[in-house]
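Please look at the sequence and the structure shown here before reading on. The report below takes up a few parts of the fold in turn.

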Amino acid sequence: MLFGDSQPACGRGNTPPLSSGEQFTLSFPFPAHPSFCNSLQESVMAAEAKQTCYEGSCVQSFQFYLEHSEEHEAILQCVHNLLPGEFQRIGAGKSSLDILGVGSGGGEMDTQMLTLLQSTFPAIPITADIVEGSSKLTDNFKALVAKTANLQNIPFGWYIMNSGEYEKQVKAKGDMKKFDFIHMIQMIYYVDNLADTIRFFHSLLKNNGRLMIIIEAANGGWDTLWKTYKKELCVDAITEYRSSGEIIACLKSLGLKYDEHTIPNSFDISECYNPSSQIGQRLLNFMTAQDHFEQYFTPEIRAGMLDLLRNKCSTEKDGKVLFNSTLKCILVHA
């Protein structure tokens, strides 16, 4: 899934989003007409909303994708197969466990992993810090925690900001909290500098900790689509598409030890070939990161993408076009 587990479908700006309750004001060294002020304020606030990541229609598009791709189910299967053993190794001999989620979205994955960790170490105190750029998805996460009984005793720290802003805040404080387990699910497409980001979060690991990165597989459907049409697609939030291939190369260059696991997944994109299908159009919108696939791309580009999706990114079975959305789970050692 390209717009990962609740990461910026809209671009990451350099200006941090307004904090809760902060007032938006504009001042000028000259008298300004009210209509000009209002227009400029609306423009800046629109840019601000873009920078706060998944909000409004972005959230709806993301949720629509999840409903049709079953990606979370595939990731959860991997989590339940892989993490119990990892948690045993991570938590051995420790009196407390600290978890950091980066780009946690609505918390669907986090609550499952925290529940799994809690069942592995029922008597050990656990804390969870959450970094998520979307206030809407953070609210969804908090609501999910509120109705998950076994998580009531876990103290949560909420950071409504992107990973780059979190890094700046942590470095500015100079007192870096360390973590036993850090996870970055479907979010590393959006960071400005891949090596610096991995280096920073790896530095936050405690002894025997793990950094888990889940990302689309190299040479999978997403990788093929976005690298073939880089000029047309890498124009907004994502300026350089990354798959597991880039992550592995980066880890090797940093000299970090890691384990790699495959998460098989595919989903039906047959509706994309029915021009009258709303489902097909919404899938194409999401897969190309545009609100209106039909209007944004030329007929030639649309035809080329649809041909690529069918013949290079998918397999056909029982009359269905099944898009290859295989992922990789990469566990980086402390």
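Which kind of contact joins the side chains of Ser 243 and Asp 223?

## A serine in a loop

The side chains of Ser 243 and Asp 223 are joined by a polar contact of 3.5 Å, a value that, like every other in this report, is computed from a predicted model. Ser 243 is placed in the loop that runs between helix H9 (230-233) and H10, and, because its relative accessibility is 1% and buried means under 20%, Ser 243 counts as buried.

When neighbours within four places in sequence are left aside, the residues in contact with Ser 243 are Ile 215, Glu 216, Ala 217, Ala 218, Asp 223 and Lys 227. The C-alpha atoms of Ser 243 and Ile 214 are separated by 9.6 Å, while the two residues stand 29 residues apart along the chain.

## The chain as a whole

The chain contains 13 helices and ten strands, and 53% of its 334 residues count as buried.

Strands of a sheet pair through backbone hydrogen bonds, in either a parallel or an antiparallel way. Here seven strands form an open sheet with mixed pairing, and their order is E3-E2-E1-E4-E5-E10-E6. Strand E3 (156-159) and strand E6 (258-263) stand at the edges with a single partner strand each, so one side of each has no neighbour in the sheet. On average, and with direction ignored, neighbouring strands of this sheet are turned by 15° against each other.

Within the sheet, E1 and E4 pair in the parallel sense over four bridges, and Val 102 stands opposite Met 184 in E4. Strand E2 (residues 126-131) holds Asp 129, which, because its relative accessibility is 7%, counts as buried. Not counting residues up to four places away in sequence, Asp 129 touches Ile 99, Leu 100, Gly 101, Gly 157, Tyr 159, Lys 177 and Phe 179.

## A helix on the sheet

Helix H7 packs on the sheet, where H7 touches E1, E4, E5 and E10, and the direction of H7 makes about 145° with that of E5. At the start of H7, a side-chain oxygen of Asn 193 reaches to within 3.2 Å of the backbone nitrogen of Ala 195.

Which residues of helix H7 (residues 194-203) are buried? They are Leu 194, Thr 197, Ile 198, Phe 200, Phe 201 and His 202. The elements against which the buried residues of H7 pack include helix H6 (163-173) and helix H10 (244-254), as well as strand E1 (97-102) and strand E5 (205-216).

## Aromatic rings

The count of aromatic pairs comes to 18. In one of these pairs, the rings of Trp 222 and Phe 323 have their centres 5.4 Å apart and their planes at 80°, and, because planes over 60 degrees apart count as edge-to-face, the pair is edge-to-face. Trp 222 lies in helix H8 (residues 221-228) and Phe 323 in strand E9 (residues 320-324), so this pair ties together parts that are 101 residues apart in sequence. Both Trp 222 and Phe 323 are buried, and together with Tyr 65, Phe 267 and Phe 286 they form one aromatic cluster.

Two arginines also lie over ring faces: Arg 282 over the face of Phe 64, at 4.0 Å from the ring centre, and Arg 310 over the face of Tyr 273, at 4.2 Å from the ring centre.

Key. Residues numbered from 1 in each chain as written. Predicted model: local features only at pLDDT ≥ 70, side-chain atom pairs only at ≥ 80, totals over all residues. Heavy atoms only, no water. Phe/Tyr/Trp six-rings, centres within 6.5 Å; stacked < 30°, edge-to-face > 60°. Helix = DSSP H or I, 4+ residues; strand = E, 2+ residues; numbered from the N terminus. Buried < 20%, exposed > 50% of the residue type's maximum accessible area, 1.4 Å probe, protein only. Lys NZ or Arg CZ within 6 Å of the ring centre and 35° of its normal. Contact = heavy atoms within 4.5 Å. Polar contact = N/O pair within 3.5 Å; in protein donor to acceptor, adjacent residues only side chain to side chain. Pairing = 2+ DSSP bridges. Axes fitted to C-alpha atoms, helices over the stretch in contact; angles between N-to-C directions.
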